[in-house]
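Welcome to a short walk through a protein model.

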Amino acid sequence: VTCECNLLIVDDVEDNLFLLEDVLEDEFDSMNVFPATSGEAALEIIKNNRIDLAILDIQMPGMNGFELCKRIKSNKETEEMPVIFLTAAYKSKEFIQNGFKNGAVDYIIKPFDVDQLINRLTLYLKIIKQQNQLKGLNCELEEKVALQTAELRDLNGRLEERVQEELHKNKEKDHLIYQQSKLAIMGEMTRMIAHQWRQPLTSLLAIIQSIEFKDRINKLTKDDIKESSVKAKEITQKMSTVIDDFQSFFKPDKQKTEFLVDKTISKTLALMEAEFVSEGIEIEFDIKVTGITIVSYKNEFIQVLLNILKNSVDVLMSKNIQDKKIKISVVLSASEIAISVEDNAGGIPDDIISFIFDPYFSTKSQNGSGMGLFMSKIIIEEHMNGKLIANNSESGAVFSLIFPIGFISTNR
Ligand SMILES: Nc1ncnc2c1ncn2[C@@H]1O[C@H](COP(=O)(O)OP(=O)(O)OP(=O)(O)O)[C@@H](O)[C@H]1O
Ligand SMILES: [Mg+2]
């Protein structure tokens, strides 16, 4: 049998040791025999070498075989080591029993029959070889598992890093988008104020010109001045109200409030009235039910309405539609309120309708940031617990804002 194997033999009679060592080394190719003449010497060997099998004499001065076996079996490192006892024939019965009790796997009776001994050892060595192979395999497996676990852990770590990175990037992007949308809103506000101011500015100019004219022809009376200044004050008062209105509407609400839907829509339409009039757009506000309120962020709701109305104005103008019309309706069902804005500009082309809520999606080149509907959708769906949907009707685009109902007022 060839098996890389370390065998310990312990016998206090040196002749016995030599004999056994000779026999074994002749018979087994790659066997290392470690001889010891006492239990103490044997323990020293065990401490320093990996012993696969031990053959112990029982009767020895000092530590006897049983004691040595007990020590071997009580040490975690060596408890698995197979131990075979050598015992003289006349003592065999009693010794054999004691030997098994102490953890021996076999016994050999002295004087031993060489062939029998070799046969037995051959069997043990085979078993040891297989065990060692198994152990090796186990170790390899464990190593592989450990390696893969480490790899997995590494991968996990990297994934986590990636997720953090992406989250960070997203936050940055959100921030950027927020900044840009603020700019867009500011731009929008200025544009609307400009629209609202055009007419009063013209009136102011007229008043000033009239005073100048009367003065030039020396017909300016105190009453004229008084009357003009009253009018001018009224107009500037209105102009400053316009700024206040827009400023308050474009300021995001910190708190939810309860507001009347129809009233809020009317106010929003009023903000754009100057524009509707100057562009010749007819507004139809169809209120089937009044007194409905929702509890939410009122100014954000107004911003969304403005975005949608502004889009309708844009498309009506750019397509140069004949009887420009925007229809706003409020429909109430058992649990929802749907506010829809419909224009008659022909609708959103099929090939872009799925992109219109994407950030930066715009068909207006220089004139649109593409943030309007994107921000509107976030406001409605993420801040207000509602839904914003785009459809096409026969005449044009329909944008619907759908909210769960907060409270329905009884005084209609
Ligand atoms: N009522 C509508 N009819 C047809 N197409 C529309 C309508 N409303 C929006 N769209 C389309 O959706 C696109 C995206 O609208 P969105 O309001 O997000 O951006 P924008 O109006 O182009 O730019 P801005 O950020 O200045 O509002 C528009 O460019 C337009 O092509
Ligand atoms: Mg827009």
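Before the first stop, a word on helix packing: an axis here is a line fitted to C-alpha atoms, for helices over the stretch in contact, and angles run from 0 to 180 degrees between N-to-C directions. Keep in mind as you go that this is a predicted model.

**Stop 1: α7 and α9**

Select residues 261–271 for helix α7 and residues 298–318 for helix α9. The two pack at an angle of about 50 degrees, and their axes are 10 Å apart. Angles under 35 degrees count as roughly parallel and 65 to 115 as roughly perpendicular, so α7 and α9 are oblique to each other. Their crossing is right-handed.

Now show side chains where they meet. On the α7 side, pick Thr264, Ile265, Thr268, Leu269 and Leu271. Facing them from α9 are Lys298, Phe301, Ile302, Leu305, Leu306 and Leu309. Coloured by class, this contact shows 8 nonpolar, 2 polar and 1 charged residues.

**Stop 2: α2 and α3**

Next, select residues 39–48 for α2 and residues 65–74 for helix α3. What angle do α2 and α3 make? It is about 20 degrees, with the axes 10 Å apart. That makes this pair roughly parallel, and the crossing of α2 and α3 is right-handed.

For the contact itself, show Gly39, Ala42, Leu43 and Ile46 in α2, which meet Leu68, Arg71 and Ile72 in α3. By class, the residues here divide into 5 nonpolar, 1 polar and 1 charged.

**Stop 3: Asp52**

Is Asp52 buried or exposed? Buried counts as under 20% relative accessible area, and Asp52 is buried because its relative accessibility is 7%.

A polar atom of the Asp52 side chain lies 2.8 Å from the backbone nitrogen of Asn6. The Asp52 side chain also makes a polar contact with the side chain of Arg50, at 2.4 Å. To see who else surrounds Asp52, leave aside its neighbours within four places in sequence and show its contacts: Glu4, Cys5, Asn6, Met81, Pro82, Ile128 and Asn132.

**Stop 4: Ser228**

Last, select residues 222–250 to bring up helix α6, and find Ser228 within this helix. With a relative accessibility of 13%, Ser228 counts as buried. Not counting residues up to four places away in sequence, Ser228 touches Ile207 and Ile211.

Note on methods
Residues numbered from 1 in each chain as written. Chains lettered and ligands numbered in written order. Predicted model: local features only at pLDDT ≥ 70, side-chain atom pairs only at ≥ 80, totals over all residues. Heavy atoms only, no water. Helix = DSSP H or I, 4+ residues; strand = E, 2+ residues; numbered from the N terminus. Buried < 20%, exposed > 50% of the residue type's maximum accessible area, 1.4 Å probe, protein only. Polar contact = N/O pair within 3.5 Å; in protein donor to acceptor, adjacent residues only side chain to side chain. Contact = heavy atoms within 4.5 Å. Parallel < 35°, antiparallel > 145°, perpendicular 65-115°, else oblique. Left-handed = near helix turned anticlockwise from the far one by under 90°. Nonpolar A, V, L, I, M, F, W, Y, C, P; charged D, E, K, R; others polar.
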